[in-house]
Amino acid sequence: MITIDNTQGCFVELWRKLEHTRRLHLGQHRRYCIRNILKTWLGLRASDDFIWEVCQRAELEGWNELPLPQLEPRPHRELLRALTSATLHIGMRKVDLHALDRAYSIAFPQATPINVNKKLKIKN
């Protein structure tokens, strides 16, 4: 059972849990997709309606295989953002993206940060 908050500490744990779940599903010869991830994490709480809601918010397909989190973090970022939004009953824009991106850099320190190409705001 996992607890979901809109905090950097929670997001670090979720990023790490994604990688752990990927390895678990690989070992069990199960598809690494949103539907199976949510079923693994939430058990019976992951109803078809909840999975559909998360997929709709993330704009991703539930059965599509996800890439490695370290190589292509964007779909995973949207998954975690949608999961947080649906669980806490808040809008997608209320999810703390800065904390989510910083958590990615903490969970995967060898990977390139998610927003490396964003323009930096220069203070005068």
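This briefing walks through the helices, the core and the salt bridges of the structure above. It is a predicted model, where local features need pLDDT of at least 70, side-chain atom pairs count only at pLDDT 80 or more, and totals for chains, interfaces and linings use all residues. Residues are numbered from 1 along each chain as its sequence is written, and side-chain values use heavy atoms, with hydrogens and water left out.

**The core**

- The largest nonpolar core has 36 residues; such a core is a set of buried Ala, Val, Leu, Ile, Met, Phe, Trp, Tyr and Cys residues joined through side-chain atoms within 4.5 Å.
- Buried here means under 20% relative accessible area, while exposed means over 50% and partly exposed is in between (1.4 Å probe, protein chains only).
- Trp15, Leu18, Leu38, Trp41, Leu42, Val54 and Leu83 touch the most other members of this core.

**Helix 1 meets helix 2**

- The two helices pack at an angle of about 105 degrees, and their axes are 11 Å apart.
- Axes are lines fitted to C-alpha atoms, for helices over the stretch in contact, and angles run from 0 to 180 degrees between N-to-C directions.
- That makes helix 1 roughly perpendicular to helix 2, a label used for angles of 65 to 115 degrees (under 35 is roughly parallel, over 145 roughly antiparallel, and the rest oblique).
- On the helix 1 side, the contact (heavy atoms within 4.5 Å) involves Leu14, Lys17, Leu18, Thr21, Leu24 and His25.
- Helix 2 brings Asn36, Ile37, Thr40 and Trp41 to this contact.
- His25 sits in helix 1 (residues 8–27), and at 0% relative accessibility it counts as buried.

**Salt bridges**

- There are seven salt bridges, each being a side-chain nitrogen of Lys or Arg within 4 Å of a carboxyl oxygen of Asp or Glu.
- One of them joins Arg16 and Glu13 (3.8 Å, N to O); Arg16 is partly exposed at 40% relative accessibility, and Glu13 is partly exposed at 47%.
- Another links Arg22 and Glu19 (2.7 Å, N to O), and both of these residues are buried.
- In helix 4, Glu78 and Arg81 pair up at 3.3 Å, N to O.
- Salt bridges that share partners tie Glu19, Arg22 and Arg23 into one network.

Key:
Helix = DSSP H or I, 4+ residues; strand = E, 2+ residues; numbered from the N terminus.
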